[in-house]
Amino acid sequence: MWKEAVLLLLLVLCPSGSGLFQSLLRKTRAAQPQEEDPGQPLVLTPYIEAGNVTEGRRLSTVAPFQGLNMVSYCGFLTVNKTYNSNLFFWFFPAKTESSTAPVVVWLQGGPGVSSLLGLFVEHGPYVVTKNLTLDIRDFAWTSTLSMLYIDNPVGTGFSFTDDPQGYATNEDDVAQDLFSALIQFFQLFPEFQENDFYVTGQSYAGKFVAFISYYIHMLNPRLSVPINLKGIAIGSEFCNTEMMIQNYGTFLYEVGFLDEKQRKYFQEQSDQCLAHVQHGEWLQAFEVFERLVSGHHSYLKNVTGCPHLANIVQCTKPEEYSYFKKFLALSEVRRAIHVGNRTFNDGSKVRKYLREDLFSSVTPQLVELMNNYKVLLYNGQLDILAMASLTERYLNTINWKGSQEYRKAERKIWKIFKSDQDVAGYVKQVGNFHQLIVRDGGHILPADQPLRTFDMINRFIYEKGWDPY
C-alpha cells in the first residue's frame, strides 16, 4: 500500500513523468493480492416455490474445501416474507448408506449461538486448525447420520432478518420459523422424506428441540407428507430454568466455586429471581439471572475468576473454539457456502428479543414427546452450566407414562467395549426414554468426549442397547 501511495504522490508532483509513474502504478496494483469475491447469498425458497428443486440443489452444492471431497449443501430458506427472515442451513448426507440413514437436525443453544459451533467444534466432519486449514474429524456424527445444521433462531450466525419484528420473542415464534424451514428442506431433498427424523441440540436449545418436535407432532396429521419424527436428543438440557436456579447456588458451593458467604448471596438473588417468575415478571427475572449468572460480567464470573464456566476443570474457553469463526470470514469459504457478505451474528440481538423467554418451561411439550417418541437426555459429568444432578431432580418432578418406573429404575454402568477398563458413563432407561451421564465431559460435551458421544448417539438412534460390544 505504501508503494502505491508514493507513486500517486509522484503523479501529482511530477506530471511530466506521468506515463512512467502510471505504468509502475499498474504493475504495483497487479502485484498486490486482490480480495476475493465472497459471492452472493443463495436464497433457495424461490427455486422451491417454482418447483425447480433440481437447480436449487445444484446451486446449493458446496465445493470441496482444500481437496477434501465431502458432499454437502448450503443456503438460506425464507421463513417469513413479510420481514425477509431467513434461516441458514448446512446439510451433510451420511457418509455411509445415506439413502436410509436417519436425518438429524442439530440446534445450538445460547440462545443465539451458531450451530456451526456444533459442526466445527463438536461433531461435524471438519475440524478447523490454528492455521485455518481443515482436518477430518474422528467420530464425526456425519459418518453414520445425515446431519442438518441450522442457525436458529433468526438472527443467529448467518441467519438474518430485515426487520426487528422478524426476531423471535418466544418459543412459538422459534418453532414457526423452524417448521417452515424444515418443510422447505424436505421439498428440496424429497428423497430423505421417508427417512427417520430426529431433532437434537444442547443447552438452551433444549427448549427449541422440545418445542419444534411438539410442533411437528401436532401438525403432522395435517401434512400431505408428514415429517417422519422418531425421537429427540437433548444435551445439557435447559428445559426448566426455574428449577435450575432453585438449586444452582448449592451445587456451586458443594463443588467449591462459592464459599458460604457467597452461597448465601447467590441464594438470596436466586430467591429474588424466583419471586419475579412467580409474579410473571419475566423481564425482571431475566435481569437478575443475567447479573448473577449469564452476563459477561456476572457475579458468578467475578467471584470465580473464570470467564468461561462450561467444565468444572476448565476456567477459560479453549482457543480452538474460536478458529472456525476466522475460517468463516475467509472470502473463499463464504463463496463456497453461499453466504456472500452476510454478517456472522454474535447472537446478542437474539438474546435481547428472547429475554422474557428464559423462564418459560417446555415441560408440557417434553412430557408429550416422552409419551410418544424416543427421548434421550444427556449431561456431561463435569458440566458446570447444566449439571447432571439438576437434570435428575427435574426428571423426578415430571409426570409421564414411565415416571413411576423411572423413579424405581436402576442406573447401569455404560462401557463401549467389553475390554474397556474405563467407564464411558451411566445410563438409566425406561422404555423409549434414556438418561445418560457421560464421564469426564463438560457443557460442550462432544468436543470433550468425541468417541463416547458418537457411541451414545448411535446406540440411541439405531437402538443398539447399552451393553458393551
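Modeller: Contact means heavy atoms within 4.5 Å. This is a predicted model, in which local features need pLDDT of at least 70 and side-chain atom pairs count only at pLDDT 80 or more, while totals for chains, interfaces and linings use all residues. Residues are numbered from 1 along each chain as its sequence is written, and side-chain values use heavy atoms, leaving out hydrogens and water.

Biologist: Which residues does Val-199 touch, not counting those up to four places away in sequence?

Modeller: Val-199 touches Val-105, Leu-107, Val-209, Ile-212, Ser-213, Leu-229, Gly-231, Ile-232 and Ala-233.

Biologist: What is a nonpolar core?

Modeller: A nonpolar core is a set of buried Ala, Val, Leu, Ile, Met, Phe, Trp, Tyr and Cys residues joined through side-chain atoms within 4.5 Å. Buried means under 20% relative accessible area, with a 1.4 Å probe and protein chains only. The largest core here has 89 residues, and Val-199 and Phe-197 are among those touching the most other members. Apart from it lies another core of 51 residues, including Phe-76 and Trp-466.

Biologist: Is strand E7 enclosed or open?

Modeller: Strands are DSSP runs of at least two residues (E), and helices of at least four (H or I), numbered from the N terminus. E7 (residues 197-202) is largely enclosed by the rest of the structure, because six of its six residues are buried.

Biologist: Which strands pair with E7?

Modeller: Two strands pair if DSSP finds at least two bridges between them. E3 (residues 103-107) pairs with E7 in the parallel sense over five bridges. E8 (residues 229-235) pairs with E7 in the parallel sense over six bridges, and there Val-199 stands opposite Ile-232.

Key:
Buried < 20%, exposed > 50% of the residue type's maximum accessible area, 1.4 Å probe, protein only.
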